[in-house]
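Colleague: Please take a close look at a single part of this model for me. I would like one connected account of how that part sits in its surroundings.

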There are 2 protein chains.
Amino acid sequence: MIPMSALHRLIPEWLQPYPKDKLGADLAAGLIVTILVIPQSLAYALLAGLPPQLGLYVSIFPVIAYALLGSSMVQAVGPVAITSIMTYSVLSPIATPATPEYAVLAAVLSLLSGFMLFACGLLRLGFLSQLLSRPVISGFISGSAVLIVISQLKYLVGFSPRGGNSGEVLLDILHRLIESHGPTLAIGLSALFVLAIVRLALSGWLVKAGMSAARAAFIVRLMPLIVVLGGMAVVVAFDLDRRHGVAVVGTVVSGLPDFNFFLPSLESTQSLLRPAFVMTLIGMVQGITMAQALAIKRRERIDANAELLGLGAANVVAAFYGGMPVGGGTSRSAINVAAGAQTPLSSIVSAIAMIGVVAGASQWFERLPLAVLAASIIMAALSMIDLRALRLAWAYDRADALALLCTAGGVLLFGLEAGIGMGIVLSMATLLFRVSTPHIAVVGRVPGTEHFRNVARYAVETLPGVLFLRIDERLFFGNLGAVEQRLGQELERAAGTRDLVLVMSGVNLMDTTAAEVFAELNHDLAERGIRMHLAEVRGPVQDRLMKSALWGALSGEVFLSANAAYEKLAPAKVWCPEI
Amino acid sequence: MIPMSALHRLIPEWLQPYPKDKLGADLAAGLIVTILVIPQSLAYALLAGLPPQLGLYVSIFPVIAYALLGSSMVQAVGPVAITSIMTYSVLSPIATPATPEYAVLAAVLSLLSGFMLFACGLLRLGFLSQLLSRPVISGFISGSAVLIVISQLKYLVGFSPRGGNSGEVLLDILHRLIESHGPTLAIGLSALFVLAIVRLALSGWLVKAGMSAARAAFIVRLMPLIVVLGGMAVVVAFDLDRRHGVAVVGTVVSGLPDFNFFLPSLESTQSLLRPAFVMTLIGMVQGITMAQALAIKRRERIDANAELLGLGAANVVAAFYGGMPVGGGTSRSAINVAAGAQTPLSSIVSAIAMIGVVAGASQWFERLPLAVLAASIIMAALSMIDLRALRLAWAYDRADALALLCTAGGVLLFGLEAGIGMGIVLSMATLLFRVSTPHIAVVGRVPGTEHFRNVARYAVETLPGVLFLRIDERLFFGNLGAVEQRLGQELERAAGTRDLVLVMSGVNLMDTTAAEVFAELNHDLAERGIRMHLAEVRGPVQDRLMKSALWGALSGEVFLSANAAYEKLAPAKVWCPEI
């Protein structure tokens, strides 16, 4: 028999017990979310190169899986822009979109990245999401957004562009713009125009007209659905699809699909392992960052590893039911919060309602024009391009701005994987470069005190033949060259030095390389007749040093404080010939 | 006309002017080195899978190139163990050793890595040699040494083992040990035995017998040559090669080879680019580290970038004249120093003397038994295995010891490239992990002073409702999660906090991500009714922060010192109801 406590741990916290006073809010929010996310679910499936209805399918069971395992109260998972464009960019070179082979590969990608996310959660690797700095993430998202826009232009112009990469596709579309399919272009641009007005001005107008800000925001969120319905109405009214060749969603298999369990082939696993890894990394960062942002606003807490379990389970379920990768969605979650969701019950309600939509109403979307869906994707993508982050980073820290630009440029020129790779390498290189130039100061005693300060900034006392150097940085393989160089310079400047006192108050770590280099330095200095002393060595550093070759061989002494060294090394005033 | 100053810069420093008093020492050292490095030059060419005489060829012009461009006074370049085993392990899977195709690829490898080293020197990338920690280097060298030993066993047993990788080769040799060629095994093991005795005990015996330590060391260095000559004498005396099938060096083309200029094919360049890069990295680290070690002992200075130019030029020249990669050699340099070399003139003398050897005497080595050369390689390789480094690292820092083991294991199991890659990734991960857990302390004022100390360690005064937190680490994308978490914990512990004072004396950098996260934190805390103050912000950090969103939005104040914050936030004593 399973003990109650184990069973208890299997039930998510928000259900122990479920706060009944939140039931109404969650029910209402769930139903509203279902309706509002329909257009984007269809659109992101299209973006991923998959039949639009898949976007609805993965808004059912994956959502429930996340609700039961994740830790965020309001994050909503489902098809999202980044995972969709990644799916498209990974799979389109090796299979033709909208074919059965393509669909199988998309499911494998979802399964692999879901498995990796889940494993990272089990192994408590949530901290890995810190590997990416915000400028790198921002650059990645902005670059991806541009790729998304380019990938959707074909639905606006209504012809298939030639070209292997985004640049070629863009040039071909611009070159052959005149060949555009008129009705398609007209309906697409109209949708884009309306959505742009909504995004830029509608909320302001409504508030000015006396509406409350909350209600205005709700109406703005409702507009994409209205535009989609409007586009469909126009198509139906003028029979644009049948008589004028405007591309629409087309035959949608009615009713719920079966659970489709499969084991991926070795070949597909091998070819998708690396993209799945990148997807895992991005999914991890995006999911955790957003859940955290939402939690901070609501004074709740999330558990990064539970988030990974939730996202992983959602993707594994998505692989078997729908077959496209899902993630934590910015706009989905915003809709969920705006609709008043209080707990994950809202997501479960929305999943159940979506079953109803898929089972009973999905054929309603058969005549939905692709150009309108593309317009809504383009609007969403444009809002992801974050020029303000670049401006701020440029003002604040050029190296970070450079990392942002390189990541975005890498994504555009070499693809998503190479872009994020360049960003990570650049971030690590910046870190290493900065840590490799440690701050070191020649210090002296502030007269009448026991304090030691930089001789360059304060009027301090020094001792003839004694050099006090304060090292303000952990010592590790990457910065020892700079430390040695600086030490050599200072010893050259202070010719006649007999005693070197290293004030180690700022050194909270010395790695093996550092211990060896300092042992060699000690030996070398001793041969030149200079004793090396240590002062203010921190406890943990000293514990280790006592096991190193340096400790026994140290030519000088270990002092508790710089002042103790000063007192000891000062020439005795009584007999000292200089005085 | 070229100005004199430019011409002057082209002449190496040690020739401006050449110190005449050192001429005798350099001449003698150069001649001694020529004789002593002959066995290892032949042996390392054999190790690289090339005809032994190539080792002599690349001891001529590459040596001169390095002498003119390098900065070390006594480093000797030539064929070395690490570059030779790398050449063998890179090329043996794609070509058959000792064939013309193999030789061409070896020359291309030398050219590519020479070009990269030279480029790194021009771009002043010498600091990149710090990318590798000593445990990683040590693990790499020890792992390579084991590969070297295994690669030479075939010459001792006198048959060709089957197997694709070192493990299979070793197993096959052990399995078929009984099939060994008797005379070959006998001569090889005898050489190994003599060399082992020499290495372990000869110097001690000689000193005990009354010889000076310096002379004893010289005799020890002379022994490999004597063993090689002895081996040759035995072969000639008993006609072992012709009558008993003992493998010998064989036909050596007499006289000097031509300079052989070529341009590498695109195909070979592509396939060798990555190995050449790894070779460059290792060559860089080994060359610079050793030149530095020698310079420290002699109180000279080296210029890391000049070293790269020298090593690069030596390899480019080696590609066209001899065709195998060269490096800064540990034992070569030791011989050079022991023989009394004072300047690079000694290397030039040795190169010229080597021309004589190659032109007039190289056919003398035709009957040199390969088993003896293999024995000398094995002895050299065994001395490269550094178990002491592992023991020290294990005692000092487990993470470093792990990096060492992983690098060595990676080299043995997955090859040289993968091994060094694993080592680098592990070093960086360790760095990131350590920097990601910053030291943060809740501090209070030491009564009667203006000093602030950790409340956990000192009896200090605190203010009700005010939390003083000192952050002792640069703030960057990798450690913000830990900072946020700790901050949350401390705020939870100190319920009722109205003011949070962040003492930033230990923060010498805040990157863009940190500025953003702190701006969000400030906003979040303000909503919870907690003001965020900053104290003791360092100048450069403050200069940047003034450009960030945090500065304008800060809910609290910026204080010059923690004490100023304390005075300001302390309830006025006159009216305070608590008193």
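Modeller: Leaving aside its neighbours within four places in sequence, A:Thr512 is in contact with B:Arg134, B:Pro135, B:Ala393, B:Tyr396, B:Asp397 and B:Asp400. This is a predicted model. A:Thr512 belongs to helix H21 of chain A, which covers residues 512-527. A:Thr512 counts as buried because 28 other C-beta atoms lie within 10 Å, and the cut-off for that class is 20 or more.

The wider setting is the pairing of the two chains. In it, 34 residues of chain B are in contact with 33 residues of chain A. On chain B, the elements that give two or more residues to the side touching chain A are helix H7 (134-157), helix H17 (387-396), helix H19 (416-435) and helix H21 (512-527). H21(B) provides the largest share of that side, six residues. Sorted by class, the side of chain B that touches chain A holds 12 nonpolar, 11 polar and 11 charged residues.

As for the relation between the copies, chain B is superposed on chain A by a rotation of 180° with 0.0 Å of shift along its axis, at an RMSD of 0.1 Å. The two copies are therefore related as by a two-fold rotation axis. Both copies use the same surface, as 97% of the contact residues of chain B recur in chain A.

Note on methods
Residues are numbered from 1 along each chain as its sequence is written. Chains are lettered from A and ligands numbered from 1 in the order in which they are written. This is a predicted model: local features need pLDDT of at least 70, side-chain atom pairs count only at pLDDT 80 or more; totals for chains, interfaces and linings use all residues. Two residues are in contact if their C-beta atoms, placed from the backbone, lie within 7 Å. Helices (H or I, at least four residues) and strands (E, at least two) are DSSP runs, numbered from the N terminus. Ala, Val, Leu, Ile, Met, Phe, Trp, Tyr, Cys and Pro count as nonpolar, Asp, Glu, Lys and Arg as charged, and the others, Gly among them, as polar. Copies are superposed by least squares on the C-alpha atoms of residues with pLDDT of at least 70 in both. A residue is buried if 20 or more other C-beta atoms lie within 10 Å of its own, exposed if 12 or fewer, and partly exposed in between; C-beta atoms are placed from the backbone.
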